[in-house]
Amino acid sequence: SLDEVLEGAGGLPLLVVACGVQEPGNLGALLRTADAAGATGFVATPGSASLTHPRAVRASMGGIFRLPAVEAKLDAVLGGAHSRQFRVIGADARGDVGYDSADWAGPIALLLGGEGGGLPAEAIDRLDVRIAVPMAPGVESLSVNAAAAVLLFEAARQRRVISRA
């Protein structure tokens, strides 16, 4: 259930929310990256491929069996995240905070947009922070999985540093 996914697999909550990731292989790879970086839950919103699509399951490399994951409406995810005091962070090439200067401590819901359209307007309006990955001049965007890897492993790095202090 969504409540179980919001509670996570234990530890400090780090929820990954795929908003309109349509290609099943990309969705599965995103779930695999979330699992590898220590996310505690995963949500695919409407407009995303099915978590149980054979290509998504295959691309997750077993992550679908380890990481609590569910398909749920964005409004329900955001409502549940806000009620649990999650900070809602969106990956956005036009974001005003660099991923490496962002604070990844505390409960986080990281929203990642689809391959072509990015985050939907209804998500952007409810973000606490818009995070960007600075890129070389002339480069417009990263794949959703590449952006997720950069962001999630920075979150994991900061959380390791905090837990050692």
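Analyst: Gly20 is buried, because its relative accessible area is 18% and buried means under 20% relative accessible area, with exposed over 50% and partly exposed in between (1.4 Å probe, protein chains only). This is a predicted model, in which local features need pLDDT of at least 70 and side-chain atom pairs count only at pLDDT 80 or more, while totals for chains, interfaces and linings use all residues. Residues are numbered from 1 along each chain as its sequence is written, and side-chain values use heavy atoms, with hydrogens and water left out.

Gly20 sits in the loop between β1 (14-19) and α2. Helices (H or I, at least four residues) and strands (E, at least two) are DSSP runs, numbered from the N terminus. Pro46 is 26 residues away from Gly20 along the chain, yet their C-alpha atoms are separated by 6.5 Å.

At the start of α2, Glu23 places a side-chain oxygen within 3.1 Å of the backbone nitrogen of Gly25. A polar contact is a pair of N or O atoms within 3.5 Å; within protein, one must be able to donate a hydrogen and the other to accept it, and residues adjacent in sequence count only if both atoms are side-chain atoms.

The length of α2 can be checked. The expected span of a helix is 1.5 Å times one less than its number of residues. Helix α2 covers residues 24-36, and its 13 residues should therefore span 18 Å; the C-alpha atoms at its ends are 18 Å apart, which agrees.

Which residues of α2 are buried? They are Pro24, Gly25, Leu27, Gly28, Leu30, Leu31, Thr33, Ala34 and Asp35. After α2 comes Gly38, which has a positive phi, near 90°.

Rolling a probe the size of a water molecule over the atoms shows where empty space is left. On a 1 Å grid over the protein atoms alone, a cavity is a set of points where a 1.4 Å probe fits but cannot get out; a pocket is an open set with protein on both sides within 12 Å along at least five of seven lines, and lining residues have an atom within 4 Å of a point. Grid points are joined across faces, edges and corners, and a volume is the space filled by probe spheres set on the points.

One cavity of 30 Å³ or more is counted by this rule, and the largest cavity holds about 30 Å³ of space. Leu27, Gly28, Leu31, Leu51, Ala56, Val57, Ser60 and Ile64 line the largest cavity. At least two residues of this lining come from each of α2 and α3 (54-59), and α2 gives the most, with three residues. The lining divides into six nonpolar, two polar and no charged residues, where Ala, Val, Leu, Ile, Met, Phe, Trp, Tyr, Cys and Pro count as nonpolar, Asp, Glu, Lys and Arg as charged, and the others, Gly among them, as polar.

Between α3 and α4 (63-66) is a loop that contains Met61. Met61 counts as exposed, because its relative accessibility is 52%. Most residues other than glycine have a negative phi, and most peptide bonds are trans. Met61 has a positive phi, near 50°. Gln85, in the loop between α5 (74-83) and β4 (87-91), has a positive phi as well, near 65°.

The open space lies elsewhere in the description. The largest pocket has about 500 Å³ of space. Its lining has 24 residues, and Ala91, Ala93, Gly118, Ser141 and Leu142 lie nearest its centre. Two or more lining residues come from each of β6 (108-113), β7 (129-132) and α7 (144-164); α7 gives the most, with three. By class the pocket lining holds 13 nonpolar, seven polar and four charged residues.

For context, the protein chain has seven helices and seven strands. Buried residues make up 48% of its 165 residues. The radius of gyration is taken over C-alpha atoms, and the globule rule is 2.2 Å times the number of residues to the power 0.38. A compact globule of 165 residues would have a radius of gyration near 15 Å, and the protein chain has 14 Å, which agrees.
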